[in-house]
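Work through the exercises below with the model open. Try each task before you read its solution.

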Amino acid sequence: MKTTAAANANIAVIKYWGRRNEELILPNNNSISFTMDSQLETLTTVEFSEKLKRDELDIDGKTATEKELKRASKFLDVVRKMAGKKMFAKIDSINTFPKAAGLASSASSFAAMAAAASKAIGIRLNEKELSALARRGSGSASRSIYGGAVEWLAGVKDDGSDCYAVPLASYEKWKDLRNVIAITNSHEKKVSSTDGMKITTRTSPLYPARLSSVEKRLAVVREAIKENDFEMMAPAIMQESNNMHAVMLDSTPPVIYLNSTSFKIIEKVIELNDSYGRPVAAYTFDAGPNAHIYTTKKYEKEVSEILEHMNGIEKIMVCKVGEGVRYLEKHLF
Ligand code: DP6
């Protein structure tokens, strides 16, 4: 059966950076994110067929590279194993935003692929199982199954059976939250997240300190999400981003994703918060130089205007919190 699913990217406020199991993609710490609206969306159609000799993958209308195909096939092997079937699949995937530019396209891609492929091959999964499956493609994809605020539980079991994401708050509860995104470089990143986190966990002397301090930030953010309290959450978001990029820089060789514009944006957000005497905006950066400035509806314009006056920014987008994975009637092929 041909099946199409859509999923949106999520942008973490408490980050996943480092795995306790490489093969099963089990992280070292819990992470928390907000799922974005459909401006950061991936649509994926999957069809399994006895006639195919290998998996076929198109991304954004072009034949995927061997590397992309290999990663997708590895993921489909997990799906095939679950279903006890051997057929190959044809996959078409479309992103509404530049892939691999630090805008978390692997999260929306593998969340959409997990939903479409599992249904297409005939297995029924609940959301928890779907989240655990999406995780096998890309860790952060486990969180894109749900809308709103989401926590990915690291779990402790070796087989990963307690490692999946759970919803923390609906997107209606956080409907006033905004992510003002400043694209400072839309080109594909040089070091993938998978490689970058390996270098950090293996070489950064500061990494163990990150793992012990992240627990405190997780607790603050969890509480703030429950209480719908942006001011409580904002300082923890910025500390968390700084901390992750500090352990990246502490690695050998250093893993550097931020550029000079990223740092200028950090300064501008600090100035803005100082001018109000309280946090009205919070920056966070993933494995890329693009800034995600979380703020509320009230300050969205002011944040955008600050960015519009800066050099080095290619594009500004304002995202709201969005919904989780969904199935569509219309197919891509
Ligand atoms: C910095 O989920 O892209 O965005 O599991 O190797 O696919 P893989 O990594 P990925 O890493 C995301 C890292 C991050 C932080 C986060 O989203 O939590």
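**Exercise 1. Asn-228**

Solution. The scale runs as follows: buried means under 20% relative accessible area, exposed over 50%, and partly exposed in between (1.4 Å probe, protein chains only). Next, the location: Asn-228 sits in the loop between α5 (207–227) and α6. Helices (H or I, at least four residues) and strands (E, at least two) are DSSP runs, numbered from the N terminus. Last, the backbone: phi of Asn-228 is near 55 degrees, a positive value in a residue other than glycine.

Before going on, note the ground rules. This is a predicted model, in which local features need pLDDT of at least 70, side-chain atom pairs count only at pLDDT 80 or more, and totals for chains, interfaces and linings use all residues. Residues are numbered from 1 along each chain as its sequence is written, and side-chain values use heavy atoms, with hydrogens and water left out.

**Exercise 2. Backbone exceptions**

Task: Is Ile-25 buried or exposed? Which peptide bond is cis?

Solution. Start with Ile-25. Its relative accessible area is 5%, so Ile-25 is buried. Ile-25 belongs to the loop between β3 (19–21) and β4 (26–27). Its phi is near 55 degrees, positive although the residue is not glycine. Now the cis bond. It runs from Thr-252 to Pro-253, with omega near -5 degrees. Pro-253 lies in the loop between α6 (230–249) and α7 (260–276). For context, most residues other than glycine have a negative phi, and most peptide bonds are trans.

**Exercise 3. The ligand shell**

Task: How many residues surround the ligand, and which are the closest?

Solution. Count residues with a heavy atom within 4 Å of the ligand. There are 18, and the closest are Tyr-16, Arg-19, Ser-138, Ser-140 and Thr-194. Sort the shell by type: 7 nonpolar, 6 polar and 5 charged. Here Ala, Val, Leu, Ile, Met, Phe, Trp, Tyr, Cys and Pro count as nonpolar, Asp, Glu, Lys and Arg as charged, and the others, Gly among them, as polar. Then sort by element. Helix α4 (residues 193–203) gives the most, with 3 residues. Finally, sort by domain: domain 1 (3–173) and domain 2 (177–320) each supply at least three residues. These bounds come from an automatic or database domain assignment.

**Exercise 4. The nonpolar core**

Task: Which residues have the most contacts inside the largest nonpolar core?

Solution. Join buried Ala, Val, Leu, Ile, Met, Phe, Trp, Tyr and Cys residues through side-chain atoms within 4.5 Å. The largest core has 51 residues, and Trp-17, Val-46, Phe-48 and Val-79 have the most contacts inside it. Helix α2 (residues 105–121) contributes the largest share, 10 residues.

Definitions and conventions: Near = heavy atom within 4 Å.
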